[in-house]
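Hi there,

Here is the structure I promised to pass along. Have a look at it first, and then read on for my notes.

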Amino acid sequence: MAKHVGVKLPDDLYAAIQNGIVGVLATFSEKEIPHTTPVNTLYPKGRESILLAIHKDHTGYHNMVWQKKVMLCFLDAPDIAYSVLGRAGVVRAPSLVHPLVNIVRIDIIDIKCDRSALCRIDAGIRWAYTCAEAEELSKALLEELKELSRVL
């Protein structure tokens, strides 16, 4: 059963985002076609916003720019299960790190906890870098997000 949490990131989710949790970004196209994608370059900007680095040609990015409303789903141990409804806005285009990546701020509209009385989340999305260059780029983008979270 879902439980309304509010508009501020709870402690466990805030820490998980700071520590590199993968979220699933959900958007809708102009033709109302749903689109989901895992995202791993996220960083909290305080308790009421999340910064996201995303490729400027990605379908999810185009949908965010058009529609503004997005949903992020987070599942990870120890029993982190949240859905975050937010309003997206571009804050830096392009990123200082890569000319094809833009930075988006998602201002939180609502958060619901999706924990179940019947089961618990023991693990979330697992991933690994495809190469050393991908790891270097992701880490540089996360550093940019951390810096932006302090100055925005």
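Predicted model: local features only at pLDDT ≥ 70, side-chain atom pairs only at ≥ 80, totals over all residues.

Let me begin with helix 1, which spans residues 11-18. Which of its residues are buried? They are Leu13, Tyr14, Ala16 and Ile17. Looking down the axis of helix 1, these buried residues fall within an arc of 165°, so they line one face of the helix. The partners that the buried residues of helix 1 pack against are strand 4 (42-45), strand 5 (49-55), strand 6 (69-76) and strand 7 (80-92). Just after helix 1 comes Gly20, with a positive phi of about 95°.

Helix 2 can be read in a similar way. Its buried residues are Gly60, Tyr61, Asn63 and Met64. They cover an arc of only 165° around the axis, which puts them on the same side of helix 2. The cover over these buried residues includes strand 2 (23-28), strand 3 (34-39), strand 5, strand 6, strand 7 and strand 8.

In soluble globular proteins, nonpolar side chains tend to be buried together. The largest nonpolar core in this model has 26 residues, and Met64 and Phe74 are the ones with the most contacts inside it. At least two residues of this core come from each of helix 1, strand 5, helix 2 (59-67), strand 6, strand 7 and strand 8 (101-113). The biggest contribution, five residues, is from strand 8.

Leaving aside neighbours within four places in sequence, Phe74 is in contact with Leu13, Ile17, Ile21, Val22, Gly23, Leu42, Ile50, Ile80, Ala81, Tyr82 and Val84. Leu13 and Ile17 in that list are also among the buried residues of helix 1. Apart from this core lies another, of nine residues, which include Ala53, Val101, Leu141 and Leu148.

Not counting residues up to four places away in sequence, Ser83 touches Met71, Leu72, Cys73, Asp110, Ile111, Lys112 and Asp114.

**Salt bridges**

Searching the whole structure turned up 13 salt bridges. Three of them are described here.

- Asp11 and Arg47 meet through their side chains, at 3.0 Å from N to O. This pair links distant parts of the chain, with Asp11 in helix 1 and Arg47 in the loop between strand 4 and strand 5, 36 residues apart. Asp11 counts as exposed at 58% relative accessibility, while Arg47 is partly exposed at 32%.
- Asp12 pairs with Arg115, and their closest N and O atoms are 2.5 Å apart. Again distant parts of the chain are linked: Asp12 belongs to helix 1 and Arg115 to the loop between strand 8 and helix 3 (132-151), 103 residues apart. Both partners are partly exposed, Asp12 at 28% and Arg115 at 27%.
- Arg150 pairs with Glu147, with 3.0 Å between the closest N and O atoms. Being three residues apart in helix 3, the two are separated by about one helical turn. Arg150 is exposed at 58%, whereas Glu147 is partly exposed at 39%.

Salt bridges with shared partners also join Asp12, Asp79 and Arg115 into one network.

**Cysteines**

How many disulfides does the structure hold? The number is zero. The sulfur of Cys73 has its closest cysteine sulfur 11 Å away, in Cys113, which is too far for a bond. Cys73 is partly exposed, with a relative accessible area of 25%, and Cys113 is buried, at 10%.

Enjoy exploring the model!

Best wishes

Note on methods:
Residues numbered from 1 in each chain as written. Heavy atoms only, no water. Buried < 20%, exposed > 50% of the residue type's maximum accessible area, 1.4 Å probe, protein only. Helix = DSSP H or I, 4+ residues; strand = E, 2+ residues; numbered from the N terminus. Arc of directions from axis to C-beta. Contact = heavy atoms within 4.5 Å. Core = buried A, V, L, I, M, F, W, Y, C linked by side-chain atoms within 4.5 Å. Salt bridge = Lys/Arg side-chain N within 4 Å of Asp/Glu carboxyl O. Disulfide = S-S within 2.5 Å.
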